[in-house]
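This briefing is meant for someone looking at the structure for the first time. Please keep the sequence and the 3D view at hand while reading.

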Amino acid sequence: MKLLEERIVQDGRVLSEGVLKVDQFLNHQIDPALMQAMGEDFANYFEQKGITKVITIEASGIAPAVFTGLSLDVPVVVAKKNVGITMTDELAAADVYSFTKQQNYTISVSKSVLSKNDTVLIIDDFLANGQAALGLMSICQQLGAAVAGIGIVIEKSFQTGRSLLEEQGADIYSLARIRSLENRQVEFVEENLS
Ligand code: 5GP
């Protein structure tokens with residue numbers, strides 16, 4: 001997605017060879033117009049897949065997931081990192097290793113919001129080593145829901161996530177694919193002129 005690639009070049013900051021900071025438009029300050037365009041792009045790609053729900057992990061997946069749900073006209077489920085006292089229903093849970101915090105955390109989804117009647121689209125802001133998406137796939141599997149695909153805003157293609165998820169048979173659609181962050185430069189996998 002050209003608009004997103006331009007924004008990454010303009011406002012993204014390469015923190016190291018493995019980490020990109022995009023807090024000016026994606027996960028701290030949010031650009032709603034860009035989010036809306038991204039949601040429409042995800043919806044266009046996955047619209048024939050019979051999706052009944054979008055799922056993401058709090059917090060930075062929520063904005064792109066909500067705009068995707070809006071475009072597909074389906075509800076959005078947010079897997080919780082901290083289970084509050086209001087989550088009284090039975091839960092499905094999975095452990096996830098956090099790429100940015102370098103520690104494990106547990107994500108939980110109530111059985112009341114996802115079931116075997118659902119076909120799910122997973123949305124997340126980044127794909128690094130695929131652990132967040134794998135955790136969401138595990139929750140869908142536990143609840144009997146089918147995973148129709150995975151939509152990623154920024155894929156770092158030089159890390160292991162894509163191949164790991166493809167081994168699980170996932171259809172992955174990324175709006176921007178980064179080939180390298182070496183020398184503090186963002187290089188994309190290919191010129192995407194859409
Ligand atoms: P994975 O689970 O694929 O290893 O990592 C994906 C998760 O880690 C995303 O949900 C995202 O929040 C975070 N993440 C991974 N790489 C980056 C990055 O380069 N920059 C930022 N801001 N977050 C990242």
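The model is predicted.

**Residues around the ligand**

- The shell around the ligand has 17 residues, and those that come nearest are Leu-20, Asn-129, Gly-130, Ala-132 and Lys-156.
- By type, the residues of this shell divide into 7 nonpolar, 7 polar and 3 charged.
- Strand 7, residues 119-127, and helix 4, residues 131-143, each supply at least two residues of the shell.
- The largest share comes from strand 7, with 4 residues.

- The side chain of Asp-125 has an N or O atom 3.2 Å from an oxygen atom of the ligand.
- In Gly-130, a backbone N or O atom is 2.7 Å from an oxygen atom of the ligand.
- Gln-131 also places a backbone N or O atom by the ligand, at 3.0 Å from an oxygen atom.

**Salt bridges**

- Side chains of opposite charge can pair when their charged atoms come close.
- Across the whole structure, a search finds 11 salt bridges.
- One of these salt bridges joins the side chains of Lys-2 and Glu-6, with 3.2 Å from N to O.
- Lys-2 and Glu-6 both belong to helix 1, residues 2-11, and because they are 4 residues apart there, about one helical turn separates them.

**Backbone details in loops**

- Between Glu-58 and Ala-59 the peptide bond is cis, and its omega is near 5 degrees.
- Ala-59 is found in the loop that runs between strand 3, residues 53-57, and helix 3, residues 62-72.
- Asp-73 is a residue other than glycine with a positive phi, near 60 degrees.
- The loop that holds Asp-73 lies between helix 3 and strand 4, residues 76-79.

Definitions and conventions: Residues are numbered from 1 along each chain as its sequence is written. This is a predicted model: local features need pLDDT of at least 70, side-chain atom pairs count only at pLDDT 80 or more; totals for chains, interfaces and linings use all residues. Side-chain values use heavy atoms; hydrogens and water are left out. A residue is near a molecule or strand if one of its heavy atoms lies within 4 Å of it. A polar contact is a pair of N or O atoms within 3.5 Å; within protein, one must be able to donate a hydrogen and the other to accept it, and residues adjacent in sequence count only if both atoms are side-chain atoms. Ala, Val, Leu, Ile, Met, Phe, Trp, Tyr, Cys and Pro count as nonpolar, Asp, Glu, Lys and Arg as charged, and the others, Gly among them, as polar. A salt bridge is a side-chain nitrogen of Lys or Arg within 4 Å of a carboxyl oxygen of Asp or Glu.
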